[in-house]
Amino acid sequence: MFNSRDKLEPDKFMLLDTLNEREINLKVLLLGETSVGKTCIIRRYVYQFFQDAYSTIGVDFALKVLNWDADTLIRLQLWDIAGQERFGNMTRVYYKEAVGAFVVFDVTRASTFELVTKWKNDLDSKVQLPDGSPVPCVLLANKCDQAKEGLVNSTTQMDDFCKEKGFIGWFETSAKENINIDEAARFLVTKILEKDKALKLGEQEGDPDRIVVNGNSAHGKEDKKSACC
Ligand code: GDP
Ligand code: MG
């Protein structure tokens, strides 16, 4: 039988093979009080540099492309509230279609930790996954290159706090010294994909258009290949 691939050069084979790649768009939010380091974390993670961030007002996002595995490409959209946190809670538009979040506090200022719950509640009240469950959210204890203040000194208490408040985990990070930022992002993405996989497994026949993670497969919506975590 004729196979169109028979006519192709080897490099074109490769081109076809790359079409098997699944592309997934993930919208992830960074929440937390002013000056905790949200913008610096994004800059460190996406552009690999640290610089005293200047304050801007608005909503900004940066894109990090991850070659997750042999057939999964992830476009991670990191949404930065860029100054609007000063005016209180964010609008629903900002949260729309988010599939994960980081809540950031500053380990040198216990007051920023006290407001972590406010951000988590705001997130949970404004966005949920299609099954109604909260989006995976990781707590970041930023500026760990500095002397710490308060609860963050106790790992057990932080673990208990996360469990109680519904954070899937926490990391001590430093945008300045590049500590744990890649690890925290990898952890969150892994959990988002696990959640997506679990929801798809539980999916009933009859709603082929339902996509939990904003996935744009080269094969369209029929592609049910599960993610490798
Ligand atoms: P945002 O308001 O949450 O976006 O905070 P920024 O990213 O603008 O950072 C606020 C301030 O904290 C800036 O002066 C940064 O230089 C500083 N900063 C951010 N991350 C770190 C960090 O990991 N360590 C230290 N020492 N300073 C940081
Ligand atoms: Mg900022």
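A charge is taken to sit over a ring if NZ of Lys or CZ of Arg is within 6 Å of the ring centre and within 35 degrees of the ring normal. The model is predicted, so local features need pLDDT of at least 70 and side-chain atom pairs pLDDT 80 or more, while totals for chains, interfaces and linings use all residues. Residues are numbered from 1 along each chain as its sequence is written, and side-chain values use heavy atoms, with hydrogens and water left out.

The charged end of Lys27 sits over the ring of Trp79, 3.8 Å from its centre. Lys120 lies over the face of Phe167, with 5.7 Å to the ring centre.

Six aromatic pairs are found in the whole structure (rings of Phe, Tyr and Trp, the last by its six-membered ring, with centres within 6.5 Å; planes under 30 degrees apart are stacked, over 60 edge-to-face and the rest tilted). Among them, Tyr94 and Tyr95 form an edge-to-face pair, because their ring centres are 5.6 Å apart and their planes stand at 75 degrees. Tyr94, at 2% relative accessibility, counts as buried (under 20% relative accessible area, 1.4 Å probe, protein chains only), and Tyr95 is buried at 0%. Phe161 and Phe167 are stacked, because their planes are at 20 degrees and their ring centres 6.3 Å apart.

Asp80 belongs to strand β3, residues 72-80 (strands are DSSP runs of E, at least two residues, numbered from the N terminus). The side chains of Asp80 and Thr39 are joined by a polar contact of 2.7 Å.

Note on methods. Chains are lettered from A and ligands numbered from 1 in the order in which they are written. Helices (H or I, at least four residues) and strands (E, at least two) are DSSP runs, numbered from the N terminus. A polar contact is a pair of N or O atoms within 3.5 Å; within protein, one must be able to donate a hydrogen and the other to accept it, and residues adjacent in sequence count only if both atoms are side-chain atoms. Buried means under 20% relative accessible area, exposed over 50%, partly exposed in between (1.4 Å probe, protein chains only).
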